[in-house]
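Me: Got a model open here and I'd like to talk it through. Can you help me read it?

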Amino acid sequence: MVIDAHAKLGASYTGTHYRVEDYLKEMDRNQIERALICAQKPPSYQVEDGNDEIAEILASYPDKF
């Protein structure tokens, strides 16, 4: 089993946004079965906002993250 132990997803205060859909494609391409994910520092600089986005991703893809 291949596990990515540190993937940052979501919107960032730098203006970038790493979308879960893009990361799922990378997982398939690299034969990654599971991943531990965390939020980027969100545009609001409020950790809770990033955590909310991660919670939504976890609920949507429980078999991947």
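Me: What's the strand order in the sheet, and how is the pairing?
Reply: This is a predicted model, and in it three strands form an open sheet in the order β2-β1-β3, with mixed pairing.

Me: Which strands stand at the edges?
Reply: β2 (17-18) and β3 (34-39) do. Each has a single partner strand, so one side of each has no neighbour in the sheet.

Me: And how do β1 and β2 run, parallel or antiparallel?
Reply: Antiparallel: strand β1 (residues 3-11) is joined to β2 by two bridges. For one of the partners, look at Ala-11, which is bridged to His-17 in β2.

Me: What does α2 touch in the sheet?
Reply: α2 packs on the sheet and touches β1, β2 and β3. Its direction makes about 155° with that of β3.

Me: OK, switching to α1. Which of its residues are buried?
Reply: Val-20, Tyr-23, Leu-24 and Met-27. They sit on the same side of α1, because the arc they cover around the axis is only 105°.

Me: What do those buried residues pack against?
Reply: The buried residues of α1 pack against β1, β2, β3 and α2.

Me: And which exposed residues are on the face turned away from that?
Reply: Lys-25, Asp-28 and Arg-29 are carried there.

Me: How many salt bridges does the structure hold?
Reply: One. The side chains of Arg-29 and Glu-26 meet in it, at 2.8 Å, N to O.

Me: Why can those two side chains, Arg-29 and Glu-26, meet?
Reply: Arg-29 and Glu-26 are three residues apart in helix α1 (residues 20-29), so about one helical turn separates them. An α-helix has 3.6 residues a turn, so residues three or four places apart point the same way. Side chains of opposite charge can then pair when their charged atoms come close.

Me: Is Arg-29 buried or exposed? And what about Glu-26?
Reply: Arg-29 counts as exposed, at 58% relative accessibility. Glu-26 is partly exposed, with a relative accessible area of 28%.

Me: What follows α1?
Reply: Gln-31 does, and its phi is positive, near 55°.

Me: Where is confidence lowest in the chain, and where highest?
Reply: Confidence is lowest in helix α2 (residues 47-60), with a mean of 93, and highest in α1, at 97.

Technical notes
Residues numbered from 1 in each chain as written. Predicted model: local features only at pLDDT ≥ 70, side-chain atom pairs only at ≥ 80, totals over all residues. Heavy atoms only, no water. Salt bridge = Lys/Arg side-chain N within 4 Å of Asp/Glu carboxyl O. Helix = DSSP H or I, 4+ residues; strand = E, 2+ residues; numbered from the N terminus. Buried < 20%, exposed > 50% of the residue type's maximum accessible area, 1.4 Å probe, protein only. pLDDT = per-residue confidence, 0-100. Pairing = 2+ DSSP bridges. Contact = heavy atoms within 4.5 Å. Axes fitted to C-alpha atoms, helices over the stretch in contact; angles between N-to-C directions. Arc of directions from axis to C-beta.
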